[in-house]
Amino acid sequence: MDRGKQLGRIAEHAADQWGLVTAAQAKRIGLNAVQILRLTEAGLLENVGRGVYLLQAAGFPQHLEIKVAWLRLQPAVFASERPLGGKNSGVVSHASACQLHGLGDIPAPKAEISVPRRRTTTDPFVRLRTMQLDPDNITLVQGLPVTTVRRTILDLLRSKTDGGHLGGVIADAERLDLIAIADLQEIARPFTRSYGLPAQATGQELIEHLVGQADKHLRSQEVARASTEGFAAGLEAVRRMHEQMALPYSALRETVERVGEAANAPMLAAWRMHERMVLPNSALQETVRRVGEQIAAANAPMLAARQMYEPTADPGALEQEEASDSAHAEGRPTAEQQDSASGQADR
């Protein structure tokens, strides 16, 4: 078998394994150790792990170390022949699962793989964990069997992973819609004391505590904060609009008077007296005027509101009201009274 055919056979199987092939797999398809060596010396294959080779034309895959470690668990078995959750199959878990899911920044110096029965390895860059996993706790990521996000977080809680790193995983998982926080509350509840919270703390409190340690925020928290800020901004906009818009004299006056009644009824009563009473002489008029000024100085918000609505009122209505007040003060008949007297004379 010439070199071209050798590469063709390797490529046919390596295509489903990220461009990788083990020496045991190569032997199954008819290549011996000498042929593998010659292909490596020619630069067509590269040894990327003990007994594992990369087809150079395929390029380096992501998370190469994890994929090499997983293939070496069953070196003679092709990936397509390994059942999900099989008794001899490994499942990428813990920090390595976070890497594949793209969650957090947990350091992962070793490839962590969970196996259903106890096994050992001499590879210093691989950590095997013994753990039974149901099929619904396993998913495929980049063709690798990996614990689901929910199961990965549970495993990290059980192994007492650093709170800040775990909080980052949870925040990223929620942001990517890979988990609902409500689904985590129940599994997080038993671990509250492990992370320094009181025994009566809830799962939600633990989740928020961990996310806070990561200096991140849950999306639900960000939405709530944005809603609160938006509501406050809306209230401020309404207040400014209310201050700037030209309101009818009578409506705004009634509003200010109602506020005054609730806030300072005696002052409002004196103000109304100052505005409406018919004064018997100029001395008393001057006295009440000064009292009115003192009231205004003591009740600045009310005076500001009054100054706001006076310029927006109808000028004709204001002139008529001021003329009426002046006529009352001087004891002269008002324009309405003159009109009424004229009508009676005509009849």
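Guide: Helices (H or I, at least four residues) and strands (E, at least two) are DSSP runs, numbered from the N terminus. This is a predicted model: local features need pLDDT of at least 70, side-chain atom pairs count only at pLDDT 80 or more, and totals for chains, interfaces and linings use all residues. Residues are numbered from 1 along each chain as its sequence is written; side-chain values use heavy atoms, with hydrogens and water left out.

Visitor: Which residue just after H5 takes a positive phi?

Guide: Helix H5 spans residues 94-101. Just past its end, phi is positive, at about 75°. The residue is Gly 102.

Visitor: In what order do the three strands of the open sheet lie?

Guide: Two strands pair if DSSP finds at least two bridges between them. The pairing here is antiparallel. The order is S1-S3-S2.

Visitor: Which residue of S3 is the bridge partner of Thr 22?

Guide: S1 and S3 (residues 52-55) run antiparallel, joined by three bridges. The partner of Thr 22 in S3 is Val 52.

Visitor: At what angle does H1 run to S3?

Guide: Angles run from 0 to 180 degrees between N-to-C directions, with axes fitted to C-alpha atoms, for helices over the stretch in contact (heavy atoms within 4.5 Å). H1 (residues 3-14) lies across S1, S2 and S3. Its angle to S3 is about 100°.

Visitor: How are H8 and H9 placed relative to each other?

Guide: H8 (residues 181-188) and H9 (residues 203-213) pack with their axes 7 Å apart, at about 105°. Angles of 65 to 115 degrees count as roughly perpendicular. The two helices are therefore roughly perpendicular.

Visitor: Which residues of H9 make the contact with H8?

Guide: H8 brings Ile 181, Leu 184, Gln 185 and Ala 188. From H9 come Gly 203, Gln 204, Leu 206 and Ile 207.

Visitor: How many residues are in the largest nonpolar core?

Guide: A nonpolar core is a set of buried Ala, Val, Leu, Ile, Met, Phe, Trp, Tyr and Cys residues joined through side-chain atoms within 4.5 Å. Leu 184 and Ile 207 are among those with the most contacts inside the largest one. H5, H6 (149-158), H7 (163-175), H8 and H9 each supply at least two of its residues. The core's total is 28.

Conventions. Buried means under 20% relative accessible area, exposed over 50%, partly exposed in between (1.4 Å probe, protein chains only). Angles under 35 degrees count as roughly parallel, over 145 as roughly antiparallel, 65 to 115 as roughly perpendicular and the rest as oblique.
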